[in-house]
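Here's a friendly walk through one protein model. Have a look at it first, then we'll go through its parts together.

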Amino acid sequence: MSGALPTLVFASPRKLPRAANLEGRVVVLDIAFASLGLGRGFDKTTGKFIEQLGPRLARWVDHHDHPLHERYAADERFVLCTKAEHGACPEMIDPELVESTGPVDTIVAHFDLDGLYAAAKWILGGREPYPGADDDARAVDTRIGEVGPEATRIDKALRAHWVDHPLKLRIVRYLVEGLRPGGERDSIISAAEDFERMAAAAVTLSQGYVVEGDVAFVEVGSSSPSFDKTELLLLGQQKATVSVVLDAGNATIAAPFESGLNFVQLLDLGGGMPTRVNIPRKRLADGLAVIRAELVRRRGDD
């Protein structure tokens with residue numbers, strides 16, 4: 001690695017940066033296309049962002065399901081696949097892809113571990129920041145398989161401080177600079193320790209799960225302590241195939257990656273992660289009816 005690092009910007013499908021504020025040539029990593037069935041939709045978010053970047057968009061690499069991937073199949077700047085094809089984004093990045101893309105000035109990456117590992121690997125020219133980093137990213141993003149100690153610590157830090165922009169920068173620097181002891185590592189360790197408190201709160205909240213039709217449901221009140229939602233969902237999946245957490249007017253619905261369930265298709269959301277989606281409260285009753293019917297159908301097929 002040599003020369004100045006590109007500017008790092010962290011984003012999500014529904015909260016993209018303004019294209020005009022991004023410097024030079026831009027690569028986008030692990031940012032799913034906005035769903036067609038929720039919020040402002042693809043045209044007003046992803047589509048608008050792509051249009052405004054224009055020729056400054058150097059590459060877009062993503063592994064989330066979306067029906068509009070076909071629209072960009074002939075555009076070599078877009079390297080797109082489904083979650084089933086690649087469980088995480090870093091494994092899609094190799095030295096040939098980075099070299100053929102050429103120099104970039106800005107990296108826009110998803111703010112989770114998968115996105116940060118992808119950004120670090122891009123900066124390193126397509127090389128893993130440490131042996132097994134791609135496997136760690138896949139295990140964290142799919143919740144399948146063993147996760148190494150570095151990724152476990154980083155995952156906990158991010159889940160406890162998911163809106164902490166400086167921490168994300170420290171994590172990428174830590175990865176790029178070879179996991180050296182020092183300030184970056186100390187910050188990650190400190191942030192990861194906060195996760196344990198949030199995980200304990202999730203355990204307490206999980207006692208409120210109600211199971212019906214192989215769906216575990218819990219509503220979290222506004223006065224509840226800070227908790228880790230992923231942990232709460234995983235605890236629900238110990239009780240039923242599908243776990244649902246209703247929080248602040250939105251429902252998060254999740255199932256194990258290997259379950260074969262595809263909530264994007266079942267709920268006609270038009271893009272996203274097949275086994276974890278968010279829908280507004282007003283759609284929850286109808287959504288649960290569809291999911292329970294699918295679970296019944298699967299049991300009948302068995």
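Which residues of helix H6 are buried? They are Glu150, Ala151, Ile154, Asp155, Ala157, Leu158, Arg159 and Ala160. "Buried" means under 20% relative accessible area, while exposed is over 50% and partly exposed lies in between (1.4 Å probe, protein chains only).

Before going on, a word on the ground rules. This is a predicted model, where local features need pLDDT of at least 70, side-chain atom pairs count only at pLDDT 80 or more, and totals for chains, interfaces and linings use all residues. Residues are numbered from 1 along each chain as its sequence is written, and side-chain values use heavy atoms, with hydrogens and water left out.

Back to H6, then. Helices (H or I, at least four residues) and strands (E, at least two) are DSSP runs, numbered from the N terminus. The cover over the buried residues of H6 includes H4, H5 (133-142), H7 (165-176), H8 (183-206) and H9 (229-236). The 12 residues of H6 (149-160) should span 16 Å at 1.5 Å a residue, and this agrees with the end C-alpha atoms, because they are 17 Å apart. The expected span is 1.5 Å times one less than the number of residues.

Now for the open sheet. Five strands line up in the order E1-E5-E2-E3-E4, with parallel pairing. Two strands count as paired if DSSP finds at least two bridges between them. The edges are E1 (7-11) and E4 (78-80), each pairing on one side only. From one strand to the next, the twist averages 10°; axes are lines fitted to C-alpha atoms, for helices over the stretch in contact, and angles run from 0 to 180 degrees between N-to-C directions. Helix H4 (113-123) packs on this sheet, touching E1, E2 (26-29), E3 and E5 (106-110), and its direction makes about 155° with that of E5. Contact here means heavy atoms within 4.5 Å.

| Pair | Sense | Bridges |
|---|---|---|
| E3 (57-62) and E4 | parallel | three bridges |
| E7 (215-220) and E8 | parallel | six bridges |
| E8 and E9 (250-254) | antiparallel | five bridges |

Let's finish with E8 (242-247), which is mostly covered: five of its six residues are buried. Its aspartate 247 is the bridge partner of valine 220, and valine 245 stands opposite threonine 252 in E9. The hairpin of E8 and E9 has two residues between the strands, and alanine 248 takes a positive phi near 55° there.
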